[in-house]
Amino acid sequence: MGRAPKTGRSRRSPAMSVLLHGTLILASLIAIGPIVWVLLSSLKPGYAIQSSELTLFRDTTLANYRYVLTETNFPRWFLNSVIVAAFTMAIGIFLSATTGYAVSRFNFPGRRPLMMVFLVTQMFPVAILIVPIYTILARLGLINTMPALIVAYLTIAVPFCAWMLKGYFDSIPTSLDEAAALDGCGPFATFWKVVLPLARPAVAVTAFYTFLTAWGEVAYASAFIQTDNRFTLAYGLQQFVPQFNPQWEYLTAAAVLVTIPAGLVFFFAQKHLVSGLTAGGTKG
């Protein structure tokens, strides 16, 4: 009986192993370096941040966070962002899931052109779409309202997520739909009770993507929102960097606070993210 072949790991030389791990460590440091620097800067007074002397810790204080939370409209911006992101995520999941399931399971006139339209929309940068979307929203009287942002963000998120979910639904056997139909389930009941629970990883990716689309977007917010009390966080942060007197200490503190909700969403969705992103590309 022959000896089992050696695995790739056992064939790797010590020098290659050191080089590989050194590269991974270096890449990790490059990735987290800016985040750590922003966090440390948020704990420094303004003169320490603008000083030419580079120090990790200098006159550490929480005054920047206190000012942002109590002396600015940050809490209002935070609430606006939560509302916009939550509605964008909920509506985006519903539209993307139902669209992806319909295109995956049913043949109907215009099916292929519809998916091509979704694909083509991903080719245009956000800046090109601002003017036509602004014109439509202005005629509907939605400028300077949160529904305007929700609609605009859905135009970004839904096409991509529908494509991804369509690929994931393709990987679920149609025999499950047939079995549900024999049990008396209609198309929507089959989708809701049978197929959607199996697509939790892809739904988690959709939730994460739609949330981040609304949470950190600036271009649409700056074009469609005009009053301070309706700013979202990403647009409100610009108030800390005026042209002649940038307040970097407050900007860094606010930036750290902005990342907390996104980090929480990622924490709860992380176990589904890899499987949801990879499975969506297996068929379709």
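Me: A pocket is an open set of points on a 1 Å grid over the protein atoms alone, where a 1.4 Å probe fits, with protein on both sides within 12 Å along at least five of seven lines; lining residues have an atom within 4 Å of a point. Which residues line the largest pocket?

Reply: Please keep in mind that this is a predicted model, where local features need pLDDT of at least 70 and side-chain atom pairs count only at pLDDT 80 or more, while totals for chains, interfaces and linings use all residues. Residues are numbered from 1 along each chain as its sequence is written, and side-chain values use heavy atoms, with hydrogens and water left out. The lining of the largest pocket is made up of F118, T121, Q122, F124, V126, L129, L154, T155, I156, V158, P159 and Y220. The space in this pocket is about 220 Å³, a volume being what is filled by probe spheres set on the points, which are joined across faces, edges and corners.

Me: What makes up the lining of the largest pocket by class?

Reply: Nine nonpolar residues and three polar ones, with no charged residue. Helices α6 (111-121), α7 (126-139) and α8 (146-170) each bring at least two residues to the lining, and α8 gives the most, with five. Helices here are DSSP runs (H or I, at least four residues), numbered from the N terminus.

Me: Why does T206 count as buried?

Reply: Buried means under 20% relative accessible area, exposed over 50% and partly exposed in between (1.4 Å probe, protein chains only). T206 has 0% relative accessibility, so T206 counts as buried. Its place is in helix α11. Leaving aside neighbours within four places in sequence, T206 is in contact (heavy atoms within 4.5 Å) with G92, I93, S96, C161, M164 and L165.

Me: Why does R76 count as partly exposed?

Reply: Its relative accessibility is 38%, and therefore R76 counts as partly exposed. R76 belongs to helix α5. Its C-alpha atom is separated by 20 Å from that of V265, 189 residues apart along the chain.

Me: And S51: why does that residue count as partly exposed?

Reply: Because its relative accessibility is 23%, S51 counts as partly exposed. You will find S51 in the loop between α3 (46-49) and α4.

Me: Why is N144 called buried?

Reply: N144 is called buried because its relative accessible area is 15%. N144 sits in the loop between α7 and α8. Its phi is near 65°, a positive value in a residue other than glycine. Most residues other than glycine have a negative phi.

Me: Which residues touch the most other members of the largest nonpolar core?

Reply: V68, F74, L149, Y153, Y220, F224 and F240 do, in a core of 39 residues. A nonpolar core is a set of buried Ala, Val, Leu, Ile, Met, Phe, Trp, Tyr and Cys residues joined through side-chain atoms within 4.5 Å. Apart from it lies another core, of 14 residues, including M164, F169, A202 and V203. Not counting residues up to four places away in sequence, Y153 touches V84, T88, T213, A214, E217, Y220 and A221.

Me: Where in the protein chain is confidence lowest, and where highest?

Reply: By pLDDT, the predictor's confidence in each residue from 0 to 100, helix α1 (residues 8-11) is lowest, at a mean of 56, and α5 is highest, at 93. Over residues 280-284 the pLDDT is below 50. The chain mean is 84, and 91% of its residues reach 70 or more.

Definitions and conventions: Ala, Val, Leu, Ile, Met, Phe, Trp, Tyr, Cys and Pro count as nonpolar, Asp, Glu, Lys and Arg as charged, and the others, Gly among them, as polar.
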